[in-house]
Every structure is written in C-alpha cells, then in structure tokens.
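I opened the model to look up its aromatic rings and then one of its helices. My entries follow in that order.

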Amino acid sequence: MADKGKNKNNEIDKFLSKFEEDSNTDDILDNLDEISETDDILGNSNKIISKFKLKKSKTNSVGFFKVLNENYDETGEDEIMVNGKLKKNKKYKVNVKRILLIILIAILICILTGFIAVASIIHNAPKINPTDIYDMISESTIIYDDEGNKLDSVFSEQNRTIIQYEDLPEDLVDSFIALEDKTFREHNGFNWIRIMGAIKESLLGGGQISGTSTITQQLARNVYLPDVMSTHSMNRKIIEAYYSVQIEDALTKDQILTAYLNTIYLGYGCFGVQTASQAYFSKDVNELSLIECASLATLPQAPDTFSLIKYVDNSELGEDNQDILQRGTTGSYVWNDKSKDRRNLTLKLMYEQGYITKEEYNDNKDISIADILNPYFDMSNSYTSYFTDYLIKTVISDIMTEFDLTYSEAHTKVYNSGLKIYSTLDSQAQSIIEQEFEVRSNFPYLATVYKDSSNNIISAEGDIMLYAYSNFIDENETFVFKEDEYKNNKDGSITIKQNKRLNIYNTTVNGEDDFSLELKSMYTVEDGSYYTIPGGFITLPQGSKSRDGDDNLVISAEFLENNPDFFTEVDGMLAIPSTSYAMGQQVIQPQASMTITEVGTGQVKAMVGGREIEGRMLYNRAVNPRQPGSSIKPLAVYSAALQKSYEHSEKGELFPLVDFDNCEQGTDLYGRYLTAGSIIVDEPHYTSTGSIWPRNSGGGYGGLMTMRTALQKSINVVAVKLWEQVGAEFSANLVEKYGITTLDTEGDVSDLNPAALALGGLTNGVTTLEMSAAYCTFPNGGIEKSPVLYTSILNRNDEEILTSKSEATKVLDEGVAWIMTDMLKSVVTNGLGSPARLSGIAAGGKTGTTSNNYDIWFDGFTPTYAASLWIGTDVNVKLSTMSYKAAALWGKIMNQIPAAKEGSYKDMPSNVIYSSGEYYTTGTAGGPSISSLSKTVTICSETGFLATPDCPNSEQLTGIDYPYDSKSDKALPTYYCNIHNTNINAYPISPNVTLVPFIPEPVPEPGKPDKTDKTDKTEEPIVE
C-alpha cells in the first residue's frame, strides 16, 4: 500500500512539473489527461493549487477568470479585425480554459466524493460468500406419504423447494431471460446502460431508482437484502451491484440462474419455480409446457397482483361465479388472469430473441390461464394437518434429542433447512376417514341438553358449561356491556368488572406480566346442529390495561384516546365491535377422532383429530385423552387374567383365587386358572358399604357365563370380578406395557381401582393414538410397538439424519395374545361389536361407552391395521346412541381401506390347545363347564325342592346345578322336599325351612286289597 501511495505522488509531481514548464495556462488542460484515473486528487489538491498560483505570477493573468487580450489595440476603435473577423476590442478576455479547469476539478472532486461514499457503503455492507449461497436460502421441509408421494410442506416464511439446473426446462430458462434480462449471458452482474438511465430518471423523478435489476442483481437482493428489497434507494442499488459482481466472480451463469429461479417469489405463497409449478399445475418443473413456463416468468414483477390463483372470501363471490376452482366453507380459490398481457409479451420477446418459432408463439399467445391451471390446494385446509402437525412436533422433539439442540434451533432446522420427511401415512386411509367424517349421518346427535332460563347449556349439577351465543353477541356482531359490567372513570379510563360475562386472566407476554380479557365459551344452533365456540379474545395490546384493588381490569385513558374506535356505544351502553375481538372457530358437536396403526411396525397410518374444522395447529383430539369405557377391558382385565394365569401355570402354581365375600360365587366355578372357558356368574355384586355395584349397561344379570361370553356382551359385573382376582398392580402394570401413558398410579386418588381399570373411568382418559397401538398387540403376538410417524429424514443433500425408532415391548405370551385375538374376533362375530364386521376379512375389537353416553368408542384390528375411533362432545353432553354407532362407523371406514383387508392372522402357537370348545394355553385347561352344570332333576311339584321317594307328585326341571345355594332363577334346588321327607339324613333339607311331619300311607300286603280301594270287590286286582 505504501508503494501504491508513492506511485500516486510521483504521477502528481510529474503532472505539476509539466504544468510549470508551460508558457501559459492554455497548456494546463493538455496535461491533465496524464494523471491516472485512480489518483487521490482530493488529498493532493492543496499542492496543485499552490503550484498553480506560482505559475500564475509568470503569466499575463489579471484576475482569476481574466487574461490580457493579446489582440487588444489601445488605439483602435470599439471593434477590430482579428483573423479576418470583426471582434470587440477589449483589453481583457475570459480565461475559458481556467474555468474549464475549475469545472473539471469540481467534477473530479464530486466523482471522488461519490467514490468515497460508494466505498463507504460497500465497506459497511455485510460480507457475503456466494459459494455458500444456499446456506442463506431457506427451504421448505417436504413431507411424503408411505408411497413417496408429496403430502405436505412446512416452512417458516417462504415455501420453497430447491432444484438443480438440469431439472429446469429450456423454455423456462429462456422465458425468464427474454423477459427479465436479455443480456444475462453477456454482462458481468449489472447493465450499465440500464443503470445510467435509471439514475437519470432518479435525478429527475425525486430520488427513487428502479428498473435496473439484472437477474444477478435480483438474486443478490432476494438472498442478501430481503429486509430492504422493496426500497428503491441508491444505497441498496450500490450494495446490490457490489454483491452482483461478487456473485458473478464466484458462480457460473447456470449456477446464478438456478439460484435465482429457486429464490424468486411467484405468488400464492410460492418461492421458487418448483414450488410454483406444483402449486399452480400439480407437476414438477421439468414437466412444464411452454405456456406454463411463460406464465411463471410473468409473475416476479407483481407476484401478488399477477398470482394465477387467489383465495377470496365467499361473501365477495356469487354462487354461479365461473372463476371458482374450489369452494370452501368461508372462502374459495379462484383463477386470476391479470398477467395475460405480460404473458403474451414474454412469448413475443422469446420469439423476437429467437427462443421459439413464430408458430409456437401463435399457438400459445391466446391460451387462457384457466385452461392450463391444475392447482394443488393448500393442505392447511384439510384434515391431514392433524397428522402433519403432530408429525412435525414429533420430529422437532427427536431432533432436539438426537443433536442436543434447543427447541428454537430444532424448530429452525425443521422449518428452514429443506428436510425430506418420509412419513408413515397411508394417504388412502387418511382420505377415507376424512370423507366419512364429513357425512353427518355417521354420527349421533346430542340426546339430552340441559339449559337454564337464559338458554345456557348446563351440566346435570346445574353448572353453566356453555353460554348461548345470543347472550354475548348481538345481530351486528357486537358485544354490548350491561350496566353492572363496567364503569366510566373520571380520568377517562374504563373499568371492566370481574366475575361477569367476560373472563379476566393474569398472563405473561414477552416475559412481562399482562392481563387478558376474553369471551367465555359459547354455543349456537344452526340447521339443527350444535356448534361450540371456544371463546374469543378482546385484542387489547400489552401495557394498555391494569388491575385495580378489586381485581377488575382498568383500560387506560391514553389507549382509549389513541384508539377512539376500539369501543363503541349501543343505546348508551359501552360496546365492543367485531373489529376489536377475535372469535374462535365454530366447532360442530359431537366431535370425533380416529387413529390407524400398522400391526407389527407401530407405523401410524392415519390420524384425524376432529371433523368439519379448518386450519392448522388445531386442537387434536387424537392425542388428547378421553375416558375409554369398556374398551379398556381387553387390556386391563381379560388379557391380564389370561396372562397372570399363564405365568402361574409356567411356575407350576395354581391361580391364587380369593373369595372376597361380595357375591354368591366365591371362588367356585373359575377352575384352577382364569381362562376363556372359566365360568363367572353375572349376579349382584356388593361394595364394602353394602351397595350393589357395578350395574350392567342393559340392566339385570345374565347368570352363568364364560369369560368369552362376558367379553362379547361387555358385562360389567364379570369385568369387576375378574379384575379383583387379577389385582390392581398387575392390571395397571400391564396397561402401561400396552403403551398407555396417561394412567394415574400415584396419590390417594388414582386409577388403581375397578371403576377405572375394569370399567374405563380413568382419571386422565386415553388417546386414540395409544389405543390403536395397544390393540396392535393382540394380532402381533403379544408384542407392543410404540407409535412412529416417520421412517427416515434426509437433509437437503439427501443424507439421512434420522430414522424412526419404534420400541418393542413384550406384553403378553404369544399363546395368550392368540387367544385374546380370537376372543376379540368373536366380539365382532357374536357380540356387541357386530356393526364393525368387514367383508372378506375377520375383524376383532371392543366397544366402549362411558357414563351417560358422553363418549363412545370402538377399538379393533385386522391382520394388518389396528384402529381406534372415539365419538363424543368437547363438553360432556349425552349422545343419542351407545357404542354401536362408533362400531358401525369403524367398520364402514376400515371396509374401504384395501391395506386393512390384506394379510392373515398368525398361526395358532404350539402352546395353545383346543379342549371342549375353547382355547387354552398349555396347562390351564380344566374346570367345570356350563354344559356339565346343566342338568335335569325331579322336583316335588308342591314344594319345588328335589323330590324324595315320598313325594306324591313330581316333575322334571332343567337348570344349572350350582355348587352352592344360588338365588338365580336358573339354579336347580340343592335341597330336598321338607314336607314329604321321612329321612332327612338321606335327603337333607334347607336350613331355611322347617320339616313338616309326614306319615306315609301304608303299603298294602300282597294279595290283600287296599282298604281305601273303592273298586268292586268282585273285580280282580291289578297285578303288575
């Protein structure tokens, strides 16, 4: 640098020495061109001026801008002849060259000042590295289904998919170059002619500068200057040009063009040509036609105006509008052809620049955009978002764990890094659930809705659960305060009183204390359907409110003064217009959720967390628990009983049966082990306080039945009896092995009781996600696989960074699992689950209904898929039906899914035997059977007890020979007649009756007539 400065000074000294040798100032200009363009003239200006003054003293100058006129004639007239021309005779003349010199010096100073300003701007500009340009470009994460088809994409700000140059069709490249930058292949980053023209327009037009950007400059602006890209300033243009030169030095033209086409915004939320191609035409960019390429090229100038598709509120559209591509409940997608003229200009320029033929131009210039659109609509308005939103949440968590990142870092990686997530979703299964969830006849209605005098929905206890919408919002969508709900203060503030129709909460915003003013949860009825509205928010900014000593909310006078339209008045009362609050989305009731999981892999194949709701990040009922009712019985009771028996048998132990003295049965009839063939009596069962509990859903009692029959009929009494024999700890541990994470086993109030584990009244409930995985265990041979939502995740370089890790847990012995599978299949063929039957394949499963019909379930399986379906209200309101409606919808959905009807069940394991019509694990068979207990006996017609030889009249009675004295109306008597009994030792009587003395009629001697015989003595006696 020192040498460079020395060279500059030498050149200036050389110029000045020549300046001194000149005889007059007229030679100065001739020597100025010897100064290097890069000289620091400003820094040496004083030196030049001092030298100039020295030379000036030796010339004929008489002033800075005058010199003596060598043609002046003191004796001449006013005009004299000079070189044949008549000129004024003046003593002095203007020193033109000196003036030009001054102007030139001023120009040089301005240029140097500008150069310094430019240098300063460039010096302060952030450094860039164009070779790593894609590190600066956010890329959408793409989600694929289990067939590798694009399912959805997620991004933080820009929806973009990056592609390579070889994927760009020639027509697309040519169309952008022809329209945006025809000299792209020749220039070095910017077009000097266009820049100078723009500067001229800037000077004449008020300082704005535009219309100069080359493709390289647009790339620089899009990538490195996103925050100021819409500002038409000279500073931005200078930095943009500087970056452009760096980009041109670092990248090839093809690389620049590819990066540009990957970053440009093309409307409809699309960044980059690949995303736009998918959005507008449902095809990859390499499949685009000429007219489609030209259509995309027109968009960068005004992407929102020219966007080929727009989303418009339905209120702005007529029913017969021909522009509608897809109509939604609140808004519709319409096609937009405002870019037609610019599209034709693109084609014209392509023809003029030799990219296409005249025939191609003529064939395409009149095509309407409506003829080529085939849009891919935003997935945020579909049910699939329940799956994708939960998938993304899972992926973020896994990335945090795998790479030791914070939530923010993992979130950025997922939303900006262009990941490829290969999900487990079966799109066909998902679509079928979505379709059936739209059919309202598939769902029950609300049977019993209790309301108070104000039409608010109340619980059975009288508490308000939902307020009537009309009690809050009037016909003008305005909330009008009542007189006792607010107060106008003298200082101009307003006090909103607590414990009225609006809720007031303490909250935190950006780490600072704040207060929230909210509408309460409401309901409305439309076309006979109930809709809940999960409240609303009054949009008061932080710092505009406080709480007084009575915990009322005070809205500051300053806010009210600065926002005079925030509140209005209706009939003299304070009111909140619709512009000042945000209402939650209306939600139809009842609601539903369903999850399908693949047997053997744990892969979640479908997930829908609600019905008739639009948007993303919705409340997902598939992962939010509800009480399962009887659908918990196969997990906590029946499989637990079989598994515990298997374990005792394997140890050579009998099942430790216990008589809890709360029913007649005791331990009789169970057999040595609890098996599918064990006999359990459905009879009154008592609590420790003497109350009869539980009750069966249908009322009454069924008497003797096997475990299999009890499962088929979902008998509550039998479930509780079996659970008591299994024990709370064993039952709860098994439920947790099934993958149910919501079980509460701690504290004084927990789920370690029969109401929770035997009947499904769990404290926290269960989710369809975990229940579907749990039911996979049965056809999977007793192995539970934890749910997974993706198989692998690749980065933008197609390198695998994560794979799914489904964990396997052995829950049941293989033989026990096979017997449970068979028992659950019989629930569908012969039990309450019959509405879930499928054609061509045997399904198994279990119904579930909670108290007051608040929740209805069906959880079931086929050889390949297990699925859990819940139907209920978001608040506890009784449904019109029990679980058969859920079973019917489950069957209707699964019957349409091809993958659910494939495959076959596992073969019967070697440790399972078939004996007397039932299946057992080896060593557990035996014990009484219902058929062995069914007998026909002779009873006394008079007393109903077993007949003795002395009973004069008897009859046959068929019934159950209980091994104890049962009160069942099907029970055979176990004691003998007490009035025709001469030998109670041989024929014992009931201790509850009294023996009546009995003298039998004498038996006549042989050959002698009976004294009581009234026949004619002349008749011969009958001889037998």
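I searched the whole structure for aromatic pairs and got 27. Rings of Phe, Tyr and Trp (its six-membered ring) pair if their centres lie within 6.5 Å; planes under 30 degrees apart are stacked, over 60 edge-to-face, and the rest tilted. I looked up Tyr 775 and Phe 778: their ring centres are 5.6 Å apart and their planes stand at 85°, so I noted the pair as edge-to-face. Both Tyr 775 and Phe 778 are buried (under 20% relative accessible area with a 1.4 Å probe, protein chains only).

This is a predicted model, so local features need pLDDT of at least 70 and side-chain atom pairs 80 or more, while totals for chains, interfaces and linings use all residues. Residues are numbered from 1 along each chain as its sequence is written, and side-chain values use heavy atoms, without hydrogens and water.

I found one aromatic cluster formed by Tyr 268, Tyr 280, Phe 281, Tyr 311 and Tyr 333.

Next I looked up charges over rings (NZ of Lys or CZ of Arg within 6 Å of the ring centre and within 35 degrees of the ring normal). The charged end of Lys 253 lies over the ring of Phe 184, 4.5 Å from its centre. For Lys 825 over the ring of Tyr 905, I noted 4.2 Å.

Helices are DSSP runs (H or I, at least four residues), numbered from the N terminus. Just after α16, Gly 418 has a positive phi of about 65°.

Note on methods:
Helices (H or I, at least four residues) and strands (E, at least two) are DSSP runs, numbered from the N terminus. Buried means under 20% relative accessible area, exposed over 50%, partly exposed in between (1.4 Å probe, protein chains only).
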